[in-house]
Amino acid sequence: MSDNGYTADEMMTIASARMIRNGAVLFVGIGLPSAAANLARLTHAPDTVLIYESGTIGAKPPVLPLSIGDGELSETADAVVSIPEIFAYYLQGGRVDLGFLGAAQIDRFANINTTVIGDYRKPSTRLPGAGGAPEIAASSKEVLITLRQNKRAFVKKLDFVTSGGHMEGGDSRERMRLPGKGPTAVITDLGILTPDPVTKELTLTSLHPGVAVEKAVESTGWPLQIAAHVATTDPPTANELAILRDLYARTARAHAGNGN
Amino acid sequence: MKNRDWGLGIGGWGIAVGTSCHNKSNPLAQITTLKQAIGEMVRDGDTIALEGFTHLIPFAAGHEIIRQRRRNLTLARMTPDLIYDQLIGAGCVSKLIFSWGGNPGVGSLHRLRDAVEQGWPAPLALEEHAHAGMAAAYAAGASHLPFGVLRGYLGSDLPRYNTNIKFIECPFTGERLAAVPALRPDVTVIHAQKADRRGNVLLWGVVGVQKEAVLAAKRTIVTVEEVVDRLDAPPNSVVLPWWVVGAVAEVKGGAFPSYAQGYYARNNAFYKAWDAISRERDTFLAWIERHVLTTADFDGFKRSLEEVASYVR
């Protein structure tokens with residue numbers, strides 16, 4: 001808890017939620033993206049369509065799901081379709097406005113790794129793998145990524161590129177024929193990074209209140225590009241904080257028991 | 001069990017039953033016990049898909065495979081979770097075909113990681129995909145096509161490490177597209193809400209890739225919450241007709257700790273508890289011995305778990 005009465009994680013989730021336009025069709029990953037997407041739905045973006053890769057379309061879960069296919073999602077969805085259908089007809093079909101992903105590692109061009117730390121064939125840490133992420137990152141019209149910023153996560157070179165962002169920068173993503181325009185923002189516990197319009201290198205464009213630019217630089221495993229004018233993120237409003245905390249409290253109560 | 005036994009000796013249908021829809025001489029789906037179905041239809045060295053996308057995960061069937069000590073299996077599943085962690089730790093598995101392997105919302109699958117990182121209890125070969133690729137592979141299997149095609153894996157390193165991901169050129173537009181070979185399991189195992197006495201199977205809610213996995217398989221085992229006189233299925237719901245289904249066994253609660261919509265909720269507390277149970281080899285081995293290997297069936301497993309875990313009651 002900072003002196004301001006909110007945590008860095010709360011700021012990250014709230015800043016992420018604000019990026020979601022009301023009415024957008026959102027393909028959402030589990031964890032931080034799901035929390036932010038539901039906060040957006042409960043605040044400024046009630047008409048946002050949440051798609052989870054379990055095939056639940058228009059889910060309105062009363063608590064945050066622990067998995068991407070919890071009963072709270074299917075029971076509140078406008079439609080539940082099969083896995084081949086959600087990936088082939090909806091995602092590959094070009095019907096998703098915004099993909100929202102987390103990651104274990106990210107590089108300067110917003111490529112992400114959720115597969116292994118170390119060598120693929122002899123990894124020091126085996127991570128869960130790709131799931132839907134490569135195609136979400138490729139085919140959504142745009143992509144948001146959220147993860148905590150530190151040198152273990154923000155690395156000079158990924159051990160494995162699970163999902164493509166702006167590849168090697170410049171027009172390389174376009175040349176590789178990835179359909180969507182790729183990551184448009186990376187939201188961390190320290191600030192917001194956006195790709196440079198030409199080089200596509202992630203550039204620090206906003207710092208959360210009370211975070212020094214040096215902290216962001218020290219927490220990045222490459223020489224971080226800083227925008228000429230770095231904005232200060234608006235602090236959480238009382239309403240945003242109250243709704244987020246209520247959501248987490250309901251979720252904790254629901255997950256403490258046997259789920260019934 | 002209130003299942004009606006069809007009165008046929010198991011040997012009478014052991015080969016013909018469960019052969020897929022491509023075999024037109026298929027007899028009726030057989031309502032049997034899970035123990036018999038696994039005993040007859042799952043063989044050492046088989047490729048087995050126990051499918052279920054967070055919902056309707058066939059835990060009871062996975063336990064029975066562990067109890068019957070099948071070995072050298074290739075397991076396929078988009079989202080291997082706790083039951084695959086148990087099968088891997090119990091030494092049943094030599095290869096995994098998958099696209100996301102974790103304990104959803106909790107963290108790692110420690111037995112999967114131990115097999116990959118340390119080769120315990122045996123080395124585990126991986127054939128790793130993304131969800132869209134596995135879905136296409138099952139759909140190709142069900143369609144009896146040699147491969148599935150998708151606009152996928154663009155920008156990903158996965159094709160560098162999985163030679164079963166290749167790129168082809170569209171003959172009409174020239175677009176470069178990904179291709180994956182059809183996935184055709186020897187046996188697909190699923191859990192569903194209901195079957196009728198003839199063996200027609202009904203499932204609803206998050207239906208995942210189960211229909212495709214069943215239609216892609218050579219043999220099929222379905223566990224259900226209940227066998228009923230009439231399915232009363234709405235016309236467009238997911239119904240697997242009896243003649244594409246091999247064996248049907250009633251196992252109430254057979255998807256625990258995952259859920260069966262309309263019957264019981266996901267037991268999130270068990271998913272969280274699994275992290276500590278599975279983290280070390282000795283605690284895992286003690287757990288699998290006490291709750292799976294030395295219990296007679298899934299009811300026995302549930303009873304043994306109730307003795308130690310409050311969240312099961």
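**A buried strand, an interface and its salt bridges**

Glu127(B) is buried, its relative accessible area being 10%; buried denotes under 20% relative accessible area, exposed over 50% and partly exposed in between, with a 1.4 Å probe and protein chains only. The model is predicted, so that local features need pLDDT of at least 70 and side-chain atom pairs count only at pLDDT 80 or more, whereas totals for chains, interfaces and linings use all residues. Residues are numbered from 1 along each chain as its sequence is written, chains are lettered from A and ligands numbered from 1 in the order in which they are written, and side-chain values use heavy atoms, with hydrogens and water left out.

Glu127(B) forms a salt bridge with Lys95(B), at 3.4 Å from N to O; the term requires a side-chain nitrogen of Lys or Arg within 4 Å of a carboxyl oxygen of Asp or Glu. Lys95(B) belongs to strand E4 and Glu127(B) to strand E5 (residues 125–128) of chain B, so the pair links distant parts of the chain, 32 residues apart. Helices (H or I, at least four residues) and strands (E, at least two) are DSSP runs, numbered from the N terminus. Lys95(B) counts as partly exposed, at 28% relative accessibility.

Strand E4 (residues 93–98) of chain B runs parallel to E3(B), to which five bridges join it; strands are said to pair if DSSP finds at least two bridges between them. Within this pairing, Val93(B) is the bridge partner of Leu73(B). E3(B) also pairs in the parallel sense with strand E2 (residues 47–50) of chain B, over three bridges, and here Ala76(B) is the bridge partner of Ala49(B).

Because Arg281(B) lies in helix H10 and Asp114(B) in helix H5 (residues 110–118) of chain B, the pair ties together parts 167 residues apart in sequence. Arg281(B) is partly exposed, with a relative accessible area of 32%, whereas Asp114(B) is buried at 9% relative accessibility.

Attention now turns to the interface. The contact, defined by heavy atoms within 4.5 Å, takes 47 residues from chain A and 48 residues from chain B. About 4,000 Å² is buried between the two chains, 58% of it given by carbon and sulfur atoms; buried area is the accessible area (1.4 Å probe) that two parts lose on being put together, summed over both. Leu66(A), Arg126(A) and Pro128(A) supply 17% of the area that chain A buries against chain B, more than any other three residues.

The count of salt bridges between chain A and chain B is two. One of them is formed by Asp70(A) and Arg266(B), whose closest N and O atoms are 3.7 Å apart. E9(A) provides the largest share of the side of chain A that touches chain B, five residues.
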